[in-house]
Amino acid sequence: MIWFLEGPSSQRDVVLNARAALHPEITVYASHSQRRPEITSVADVALVEPRDSAERVQWVLDEASMRGIKVVHACKTLEAFEAQRDWFHSAGIDLVTGVTNAKRLEIESKTIFTEQCQAAGLPVVPGIEVRTADELQEAYGALRSESDSRICIKPVTGIYGAGFWVFDETADTFRSLAYPDSRRVRFEVYRDLYAQSDRIEPQLLMPHFPGDEVSVDIVMHKGQAMSWVGRRKLGLYQEFEIDGPAVELAIAAAEYFQLDGIVSAQTKDNAEGVPHLLEINLRYSGGIAYTSLSGINLAGVFCCSRLNLPLPANEWKPGVRVKPVTSAIPS
């Protein structure tokens, strides 16, 4: 039996693909801290998690022990789960948090991730962490003098691209508000708003490489890559790939950091088309839902490998291009 705790919006698809790969006698559990039947109802058993982090860990351990669950996959409050890893091990439960060593949780900071990639010789988009408007101004000037690329900024921690902006001195100030999805803003507007914030959070300033972005979903088992699918983002569409420089770089980074579970890595090509790492997430991506259309069931590979079962019969389908659409699900 395997249990997927609350995760990104793609939790539903991960559970569906896990269920499709496993024998009907193997129970798949899913849980969420909110009432989300559109997610949890696709599992064999649905549970509601406590919202308090400390309470959640104890509750998960108690429920998993009582129900005979062998594998627990966590995506949130990873520090709290890692602090109690010995409890899960003693109970015979395989706890999956994305890392094999609790210290590796620090790479959720994009600043630390960037620094460690540079130290390891892994190509990474360089960045400067800033915590004040003055530091932002200084870092912006330094990067402008070093790079021909536009400069972009994002929070040191976070997912889904929240808080990401590209500095564009031709951007109309009002249109930045009217069309925030353009992610374009004048530097001085951003700087002044940052200075006025009551709760300034550290940001990472970096050159905005002009090439393709590739997101690679990877099934890791104790530091070794088992299966993967890359998604090259081309406007409204995404194309799948399982080899090439971007995929190879993502796998190299995941193995260097000895990750564990279903993780995702993002790369960005520079002007010469050379991929550089952007970040690694210690959880499956929001876009992992699309990857089964490539013929590779990553959630199925994860489940079968963890339960010591034969891997699903995956068959790569070259040349597939997908376009995400919104669909309604009754709940």
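1. Where do Tyr 190 and Tyr 194 lie, and how many residues apart are they? In this predicted model, both tyrosines belong to helix 9 (residues 187–196), with a spacing of four residues, about one turn of the helix. Both Tyr 190 and Tyr 194 are buried.

2. The overall fold comprises 11 helices and 17 strands. The protein is as compact as a globular protein of its length, because its radius of gyration of 21 Å is close to the 20 Å given by the globule rule for 331 residues. Along the principal axes, the C-alpha atoms fill a box of roughly 60 × 45 × 45 Å.

3. Of the 331 residues, 50% count as buried. Among contacts with a separation of 6 or more, 62% come from residues 24 or more positions apart. The accessible surface is about 15600 Å², and carbon and sulfur atoms contribute 50% of that surface.

4. As to charge, the protein carries 33 positive and 44 negative charges.

5. A pair of aromatic rings is described by the distance of the centres and the angle of the planes. The count of aromatic pairs comes to 11. One of them joins Phe 4 and Phe 302, whose ring centres are 6.1 Å apart; the planes stand at 50 degrees, so this pair is tilted. The pair links distant parts of the chain, with Phe 4 in strand 1 (residues 2–4) and Phe 302 in helix 11 (residues 298–306), 298 residues apart. Phe 4 and Phe 302 are both buried.

6. Tyr 190 and Tyr 194 form a stacked aromatic pair, with 6.1 Å from centre to centre and 20 degrees between the planes. These two tyrosines also take part in a cluster, in which ring pairs link them with Tyr 140, Phe 167 and Phe 187.

7. Helix 1 (residues 11–21) has Gln 11, Val 14, Val 15, Asn 17, Ala 18 and Arg 19 as buried residues. Their cover includes strand 1, strand 2 (28–32), helix 2 (37–40) and helix 11. Strand 1 and helix 11 also hold the two partners of the Phe 4 and Phe 302 pair.

8. In helix 6 (residues 110–120), the buried residues are Lys 110, Thr 111, Phe 113, Thr 114, Gln 116 and Cys 117. Strand 7 (128–130), strand 8, strand 11 (203–208) and strand 16 (275–281) are among the elements covering them. After helix 6 comes Gly 121, with a positive phi near 80 degrees.

9. Most residues other than glycine have a negative phi. Arg 183 is located in the loop between helix 8 (173–178) and strand 10 (184–185), and its relative accessibility of 26% makes it partly exposed.

10. Lys 222 likewise has a positive phi, near 55 degrees, in a residue other than glycine. Lys 222 sits in the loop between strand 12 (213–221) and strand 13 (224–234). Its relative accessibility is 42%, so Lys 222 counts as partly exposed.

11. Finally, Ala 162 is placed in the loop between strand 8 (150–155) and strand 9 (165–167). Ala 162 is partly exposed, at 47% relative accessibility. Its C-alpha atom is separated by 17 Å from that of Ser 264, which is 102 residues apart from Ala 162 along the chain.

Note on methods:
Residues numbered from 1 in each chain as written. Predicted model: local features only at pLDDT ≥ 70, side-chain atom pairs only at ≥ 80, totals over all residues. Heavy atoms only, no water. Helix = DSSP H or I, 4+ residues; strand = E, 2+ residues; numbered from the N terminus. Rg over C-alpha atoms; globule rule 2.2 N^0.38 Å. Buried < 20%, exposed > 50% of the residue type's maximum accessible area, 1.4 Å probe, protein only. Contact = heavy atoms within 4.5 Å. Areas by Shrake-Rupley, 256 points an atom, 1.4 Å probe, with all protein chains shown as cover. Lys, Arg positive; Asp, Glu negative; His and termini not counted. Charge placed at Lys NZ, Arg CZ, Asp CG, Glu CD. Phe/Tyr/Trp six-rings, centres within 6.5 Å; stacked < 30°, edge-to-face > 60°.
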